[in-house]
Amino acid sequence: MNNKNICKFPVSVFSGNPLSISCFVKETDIDIMSRPSKLTQNRMLLVIEGEGTLLVENSPFKLKRGTLLFCFEEESVSLKEGKNLTYMYISFSGMRANELLRQFHVNYLSRIFEDFDGLIPLWQESLFRASDETVELVAESILLYSFSRLYDSARMDNGLLGKIIELTEQNFKDPDLSIATIAEELSYHPKYLSHFFKEKSGVSFSEFLRSARLKYAIALFDHGIDSIKNVALLSGFSEPLYFSSVFKKSIGLSPKEYIKKASKAHDSEENETE
């Protein structure tokens with residue numbers, strides 16, 4: 001992936017949405033970063049490379065690769081200094097946005113998190129693949145996934161929650177994966193582990209697992225695989241009909257509708273490059 005700016009905006013944004021995404025951006029231009037701007041939405045920012053200092057309401061925040069920083073609506077933001085700095089951000093708002101910030105204890109006093117390098121490939125690939133028609137869905141998915149990597153304003157890689165998430169990310173394609181199989185692997189009682197995960201992450205394990213499988217299914221569709229049955233099985237769903245039902249409920253489009261929409265967007269992009 002090249003180092004040029006990439007800015008993608010949803011085709012339409014409705015102000016009444018519980019979680020509204022206005023843009024998904026990769027920013028490399030130091031001049032643009034340095035211009036003071038007043039935010040109209042919240043912003044989740046991930047540093048891809050380089051280093052620098054960002055002023056948020058005149059408070060300095062040190063940036064380096066893997067820094068995850070939250071800025072909030074109505075705040076003034078500008079880059080004070082930067083060296084080979086590249087970052088990406090998602091702008092978001094709505095009632096659900098406020099709930100997520102409260103749920104994961106992200107606020108004015110707890111807004112910067114380090115060592116999130118693991119998110120970089122996912123953010124970059126997702127932005128690169130997203131079309132105008134799918135960018136809102138893609139950015140929302142990335143936003144929610146990134147939130148899920150936070151709890152109590154701290155990294156969770158070394159704790160029990162991190163182990164559950166790691167095992168899930170490694171094995172979500174297995175249709176037999178469940179909180180019970182993970183509990184057996186980690187020598188915990190399934191009911192305790194289920195309650196622990198919900199308490200710490202804010203979502204049930206089944207919701208988290210379903211989200212991981214759906215994200216992978218979307219990636220397969222976006223890469224041109226148009227067999228719903230194959231995508232379902234490759235993503236960890238043992239029943240294609242159940243997969244279609246879950247996909248429709250979560251995404252708002254049936255798999256067939258999503259494939260058709262993604263195909264049109266791909267054809268449109270190809271025509272623009274000709």
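Which helices each supply at least two residues of the lining of the largest pocket? They are α2 (95–103), α4 (135–148), α8 (205–222), α10 (240–251) and α11 (255–273). Helices here are DSSP runs of H or I with at least four residues, numbered from the N terminus.

Before going on, the basis. This is a predicted model, in which local features need pLDDT of at least 70 and side-chain atom pairs count only at pLDDT 80 or more, while totals for chains, interfaces and linings use all residues. Residues are numbered from 1 along each chain as its sequence is written, and side-chain values use heavy atoms, with hydrogens and water left out.

Now the pockets. A pocket is an open set of points on a 1 Å grid over the protein atoms alone, where a 1.4 Å probe fits, with protein on both sides within 12 Å along at least five of seven lines; lining residues have an atom within 4 Å of a point. Volume is the space filled by probe spheres set on the points, which are joined across faces, edges and corners.

The largest pocket holds about 1200 Å³. It is lined by 38 residues, and those closest to its centre are Leu137, Glu140, Leu144, Ser250 and Ile251. α4 gives the largest share of that lining, eight residues. By class, 18 lining residues are nonpolar, ten polar and ten charged. Nonpolar covers Ala, Val, Leu, Ile, Met, Phe, Trp, Tyr, Cys and Pro; charged covers Asp, Glu, Lys and Arg; the others, Gly among them, are polar.

The second largest pocket has about 630 Å³. Of its 28 lining residues, Leu122, Ser126, Ile142, Lys215 and Tyr216 are the closest to its centre. α3 (120–129), α4 and α8 each supply at least two residues of this lining, and the largest share, seven residues, is from α8.

Next, the rings. There are 19 aromatic pairs, counting rings of Phe, Tyr and Trp (its six-membered ring) with centres within 6.5 Å; planes under 30 degrees apart are stacked, over 60 edge-to-face, and the rest tilted. Tyr87 and Tyr89 make a tilted pair, 6.3 Å centre to centre with 50° between the planes. Tyr87 is buried at 4% relative accessible area, and Tyr89 is buried at 11%; buried means under 20%, with a 1.4 Å probe and protein chains only.

The charged end of Arg43 sits over the Tyr89 ring, 3.7 Å from its centre. The rule for that is CZ of Arg or NZ of Lys within 6 Å of the ring centre and within 35 degrees of the ring normal. Arg213 lies over the face of Phe237, 5.9 Å from the ring centre. Phe237 also belongs to a cluster linked by ring pairs, with Phe221, Tyr242, Phe243, Phe247 and Tyr258.

Definitions and conventions: Buried means under 20% relative accessible area, exposed over 50%, partly exposed in between (1.4 Å probe, protein chains only).
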